[in-house]
Amino acid sequence: MIQLKTVSKKFNNEMAIQDVSLTIQKGDIYGLIGPSGAGKSTLLRMMNLLERPTTGDVFIEGKSLTNLSNAKLREARKSIGMIFQQFNLVANKSVYKNIEIALELANFPKSERKARVEECLKFVGLEAMQHKYPAQLSGGQKQRVAIARAIANNPTILLCDEPTSSLDPSTTNEILSVLQSINQTFGVTIIIVSHEMDVIKSICTRVSVLSEGQLYETVDIMPLGIHTIEAHPQSFVDALRMGGE
Amino acid sequence: MPDVLIQYQAEIVQAILETFIMVGASIVAAVLVGLPVGTLLFLCQKGKVLENKLVHTVLNLLVNIIRSFPFLLLVVFLIPFTRLLVGTAIGTTAAIVPLAIIAIAHYSRLVEQSLLDVPKGVIEAAISMGASVNAIIFKFLYVEARSGLVLGLTTSTISFISYSTIMGVVGGGGIGDFAIRYGYQQFRTDLMMYMIIIMILLVQLIQIIGMTVARKIDKR
């Protein structure tokens, strides 16, 4: 379970996030949506403290992240995977090495690394690509490698920062189904930031709408439609609701 | 081989050896000290993992001051320090002191610049994986910036050769000093030209090696 308690973030006197509180249940695929500049990426990055809240606190499984020592925080981050819009692979490392590094950092037993890397590559369907370098891969393949890297150390949480925003529609669907199967197979809690309604609609179980650094509304997405939990008039939600009917 | 080269063969070999010693020592100083200093310069910048305004300002100022000196003046200015360090301010060994100092300042700046080329996102990915500062440096930054670091060292090495040519003023010797004393001052223009050709060949060779290595290790 991830809890944000009245978190705020100030960048040069501008409030990027203002008093946001939300709870993400274990096993959810949770969407954060909103127009650009709404603060959704900032909010996501607070969940592994890439961005430290100016005020408020972040709890993972009931434990505060902001009070951890540097060493403890590094430890905590090893069970929180993250993927990015720009993939952020190490261009000078092969696909295999890119995944192995996550295991190395987590002190994963050396003798079991090879098997684990291959297992992860197989899961994302890239077992034939392990000796290639990122520059030789397509965008979708790069994101699969990034996913393999993020899940290598068996995280309980996977943070996805605009994971499909630089991919074409069919690749987007492939990546989303990989994320969905990570959630279903391993029970990993997934949080996705996106500005694309279709992405959120297709896999999220619950969605929060952000606008200008504030939480506007949280909705459950059910197979039969959308159930509003806390309603506010907001165009994004209207769009969600229209699409759902 | 031209007669003049045979006539001065021993001196020329000696001069080449001195240049190699001076440039070699500069490279060692650049790698052993310039690389860490440049890395620290980068990491202490605003928004980086070791953000520290004081350390950054002090290092930055120091590097700038050393690089502001016309090199000849730096050599003279450092004479007391050199004497303190190696017991004499004259000779090839003494020449290494100012060369090492300029080498550190020169290469550290190029290291800082190369590291700036590493995409910010890659460092963020490293942090999100729980990487320590050491791991970020050795397993991400240096891996991603390695061809820039090699090209920087190539550029630096060529500058070190140029700097080494004026070490004659403190009896450092080397090819440049030989060219001036035997070629220019004794009106043996042909001898001076031969020395210049040796320098050109040396610089070409270093540039080719640097470029080839940088290209080989660049998978981006």
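B:Ser128, B:Met129 and B:Lys219 supply 32% of the area that chain B buries against chain A, more than any other three residues. The contact (heavy atoms within 4.5 Å) takes 22 residues from chain A and 20 residues from chain B.

This is a predicted model, in which local features need pLDDT of at least 70 and side-chain atom pairs count only at pLDDT 80 or more, while totals for chains, interfaces and linings use all residues. Residues are numbered from 1 along each chain as its sequence is written, chains are lettered from A in the order in which they are written, and side-chain values use heavy atoms, with hydrogens and water left out.

Chain B has 10 helices and zero strands. Helices (H or I, at least four residues) and strands (E, at least two) are DSSP runs, numbered from the N terminus. The C-alpha atoms of chain B fill a box of roughly 65 × 40 × 25 Å along the principal axes. Of its 220 residues, 47% are buried, that is, under 20% relative accessible area (1.4 Å probe, protein chains only). Among contacts in chain B with a separation of 6 or more, 74% are between residues 24 or more positions apart.

Chain A contains strands. Four of them form an open sheet in the order 2-1-4-5, and the pairing is antiparallel. Strand 2 (14-24) and strand 5 (63-64) of chain A stand at the edges, each with a single partner strand, so one side of each is left without a neighbour in the sheet. Two strands pair if DSSP finds at least two bridges between them. Two pairs in chain A are listed here.

| Strands of chain A | Sense | Bridges |
|---|---|---|
| Strand 1 (residues 2-11) and strand 4 (residues 55-60) | antiparallel | five |
| Strand 6 and strand 7 (residues 157-161) | parallel | four |

In strand 4 of chain A, A:Val58 is the bridge partner of A:Leu4. In strand 7, A:Ile157 is the bridge partner of A:Ile80. A:Ile80 and A:Met82 point one way from strand 6 (residues 80-83), A:Gly81 and A:Ile83 point the other way, and all are buried.

How values were computed
Buried < 20%, exposed > 50% of the residue type's maximum accessible area, 1.4 Å probe, protein only. Buried area = accessible area lost by both parts, 1.4 Å probe.
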